[in-house]
Amino acid sequence: MAAFTFLCSECGASYPEGAVRYVCPRCARTQVRGGATRGVLQLELASLPTTFPAPGFAEPSALGEWLPLASPASLPPLPVGGTPLLPVPRLRAVLHMPHLWVKDDSRNPSGSTKDRASLLVVAKAREYGFDTVACASTGNAASALACLAAAAGLEAVVFVPAAAPQAKLVQIASLGARLVRVAGSYDDAFELCLAACERFGWYNRNTAFNPFTIEGKKTVALEVAQQLAPEPPEVVVVPVGDGVILAGLAKGFADLCRAGLLSRHPRLVAVQPEGSAAIARAVRSGAASVAPHPGAASVADSLVVATPRNGALALAALRSSGGGAVTVRDDAIVAAIGRLAAATGVFAEPAAAAVLAGLEVALAEGLVQPSERTVLLVTGSGLKDVPAAARGLCLPAPIPPDLEAVAALFAV
Ligand SMILES: [Zn+2]
């Protein structure tokens, strides 16, 4: 059993596990409805292993003492993580970056990095004795919760903006979750889920509000470090919406440094769409806090959030890592879907392909040097939003089923 305490990222207070806990009660008194989550808690394991988890994170026992569980047997019986770190030789050549890798997290069971958080949250729900877990999501976290809850035999209730891509809605409904489509934004869905969990007694997986979301996502950092050992990455480029994947990466690398398995924390570079760039704006302007981005909108639906719930922690993580943030235009994101896929074989959703567009901006700005050991985190599958990818393509007209028609196509 991995003993742990909760640490408030704002006031530093520490709390034992005890009963179900979400945020720091002291800081939560300053919570503004619709505002960033106050008193986000992080976990501190009483002791950390001195070796990397065994290869193959897909096996729950491999996570062993790295996760805050009473027993690995609480984990849902579905492999999560253990995704490949691809050397991408063709993309390396195009970008003149000899030490570039793609961490393909689209290969998780529901197709996104969010499975890592849902894996741990569903396990904790089992340990706490809940039969229903709820979350608000732009789509991927909901799919992930629906997926892991289905495997574990728990009920999932998910609140998503009605405008979420159809593939995500169909995936959620197919997985047997109770799909609540909210005629509003992700921010509206988030508030509604908070209230519904309080009213109906469900376990709340809302991102950052539930501290196990950050802790679950740290596993991607453990894997990247293990896969590149003994030389750690120098830069990890990550798409950012609420800032929880970024905070999870930072937590994972911090744990590895604490455990003596990593000599330095990689720089984290956040990528946000120009139309939803609250955290990037704060980084780039040197602001002390993250101001909302009213009317946030982008083709990268997973990154669209007016008020990043985990903005403060994400901002602190970016700065303490020595990294930075860039913004990218929607047309560059759409173009990056095809460019990434054609150069690497990895078909990413817009939010995930944004890391390629973002890397190019970061190179141009000198935020990343071509010689650096750099990892692009691809957080979600392109199959989750095919219409977005189609925006960058012109599909060919049909031909008659005869060879001469084929020959005509290939005639010089
Ligand atoms: Zn606090």
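This is a predicted model: local features need pLDDT of at least 70, side-chain atom pairs count only at pLDDT 80 or more; totals for chains, interfaces and linings use all residues.
Which residue in S8 is the bridge partner of Val157?

On one pairing, S6 runs parallel to strand S7 (residues 155-161), and five bridges join them. If you look for Val133, you will find Ala156 of S7 standing opposite. Between these two strands the chain passes through helix H5 (residues 140-152), and this β-α-β crossover is right-handed.

S6 also has a parallel pairing with strand S9, residues 203-204, this time through two bridges. Val133 turns up here too, with Tyr203 in S9 opposite.

Now follow the chain onward from S7. S8 covers residues 178-182 and pairs with S7 in the parallel sense, over five bridges. Here is the residue we were looking for: Val157 has Arg178 of S8 as its bridge partner.

Finally, let's visit Trp101, which sits in strand S5 (residues 100-104). Is Trp101 buried or exposed? With 20 or more other C-beta atoms within 10 Å a residue is classed as buried. Trp101 has 23, so it is buried. Setting aside neighbours within four places in sequence, its contacts are Leu85, Leu86, Pro87, Val88 and Val375. As for Leu179, which is 78 residues from Trp101 along the chain, 36 Å separates the C-alpha atoms of the two.

Technical notes
Residues are numbered from 1 along each chain as its sequence is written. Two strands pair if DSSP finds at least two bridges between them. Helices (H or I, at least four residues) and strands (E, at least two) are DSSP runs, numbered from the N terminus. A crossover is right-handed if, with the strands pointing away from the viewer, the path from the first strand over the helix to the second runs clockwise. A residue is buried if 20 or more other C-beta atoms lie within 10 Å of its own, exposed if 12 or fewer, and partly exposed in between; C-beta atoms are placed from the backbone. Two residues are in contact if their C-beta atoms, placed from the backbone, lie within 7 Å.
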